[in-house]
Amino acid sequence: MKRFLLILFLIFSIFVFSEIKIGVLLPLTGGISAFGDWTKKGIELAYSQKSTVLGEKITLVYADTRSEKTEAANAMARLIDKEKVVAVIGEIASSNSIAAAEIAEARKVPQVAVTSTNPLVTQGKKFVSRVCFIDPLQGTALAEFAGKTLKAKKVAIFVDIEQDYSVGLTNYFKERFEKKYKGQILEVRYKSGDQEFSAQLAQALAFNSDVIMFTGYYNEIALAAQQARAMGYKGYFIAGDGADAPELIKIGGQAVEGLYFTTHYVPEAAKTKIAKDFVDAFKKKFNTLPAMNAALGYDAYMLIVNAIERAKSKDPVKINEAIRSTKGFQGVSGNIDIDENGNAVKDVIIVQVKGGKFTYVTTIGPEDLK
Ligand code: PHE
């Protein structure tokens, strides 16, 4: 009888205590913590709506990369080796995702990057995917916008040489803008964390640029834009998705008014039912509109859970196969097809800062950029 009870207890505890762990690798502190914070909010909302899969409880294990590459790789190793997660969401910045991807790839555990847009994140890898478009598309969209819509002739580009994202996006922009629009480009360089941009701005002003483009992240964009206006620059500002955090406006204030940037999502453009429901649920939970990273974090989590369901397995290799064969997944940021390289095929959205808010301007699809 005793033995029987013991066995019963063991079976019961396996059932109650068995769990599926999903790792969440994010910049929760450091230079781009706002991106991490928003992504975490989106994931929390998704988790509150779906926290079991295959009849087991899902546990989220958060790991902070401190917005750095080395820590991103360390944290990925911890999640896999110590926490035994079956899949990992993250990171945000391409450089950090690339560093972490080496580890995920070697351990054969699927990684789903959220908004890391540099091609190298997934290139040549079997276990790394993402829920966003990539920078050749984003750079081309920006070049079309600058050349066609803004009729730009001279663009000064602020390049953050510490970020693969920034360097890549600059090059993809350049390729299209020089070839198709015969425009002139001046590149000026800085590093993540810099706060003073007067030397670079003096060069941009001397070059007579009609557009200043930023290919880095919100902190430096906000500061450089302020200093540019203070130095008398009157032209346009444009940027890539690295501008997309409400903190851009909080820090930049009036100076970023009018700035255009390319991105993945804006709540105002939510059309489908699930996209609208997401905005409502987010407002209810957090008392604010979702920022772009919240929507993509939500999608990354739901896509992984959906893949676990389709794989009918906790085996990371099988889950990865299901992730890589995702087609027509309905995300709150749009439909997601994962292509043969692990990249999502999606539209680029252009947003403008208007009246202190992110305002939808237009959508550019891959077919418009051929
Ligand atoms: N696309 C950027 C990168 O690859 C990251 C990013 C996306 C940051 C969106 C902010 C918002 O590094």
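**Between two domains**

Modeller: Between domain 1 and domain 2 the count of salt bridges is zero, where a salt bridge is a side-chain nitrogen of Lys or Arg within 4 Å of a carboxyl oxygen of Asp or Glu. This is a predicted model, in which local features need pLDDT of at least 70 and side-chain atom pairs pLDDT 80 or more, while totals for chains, interfaces and linings use all residues. Residues are numbered from 1 along each chain as its sequence is written, and side-chain values use heavy atoms, without hydrogens and water.

Colleague: Which residues belong to domain 1 and domain 2?

Modeller: The assignment, automatic or from a database, gives domain 1 as 2–133 + 271–338 and domain 2 as 136–263 + 349–369. To their contact, meaning heavy atoms within 4.5 Å, domain 1 brings 19 residues and domain 2 brings 19 residues.

Colleague: What area is buried between domain 1 and domain 2?

Modeller: The size of an interface is often given as the accessible area lost when the parts come together. Here, with a 1.4 Å probe and summed over both parts, about 1,500 Å² is buried, and carbon and sulfur atoms give 59% of that area. In domain 1, Phe35, Phe133 and Met292 lose the most area to domain 2, together 35% of what that side buries.

Colleague: Where does the largest cavity lie?

Modeller: Rolling a probe the size of a water molecule over the atoms shows where empty space is left. The largest cavity lies between domain 1 and domain 2, because both give residues to its lining; among these lining residues are Phe35, Tyr165 and Met292. A cavity is a set of points, on a 1 Å grid over the protein atoms alone, where a 1.4 Å probe fits but cannot get out, and lining residues have an atom within 4 Å of a point.

Conventions:
On a 1 Å grid over the protein atoms alone, a cavity is a set of points where a 1.4 Å probe fits but cannot get out, and a pocket is an open set with protein on both sides within 12 Å along at least five of seven lines; lining residues have an atom within 4 Å of a point. Buried area is the accessible area (1.4 Å probe) that two parts lose on being put together, summed over both.
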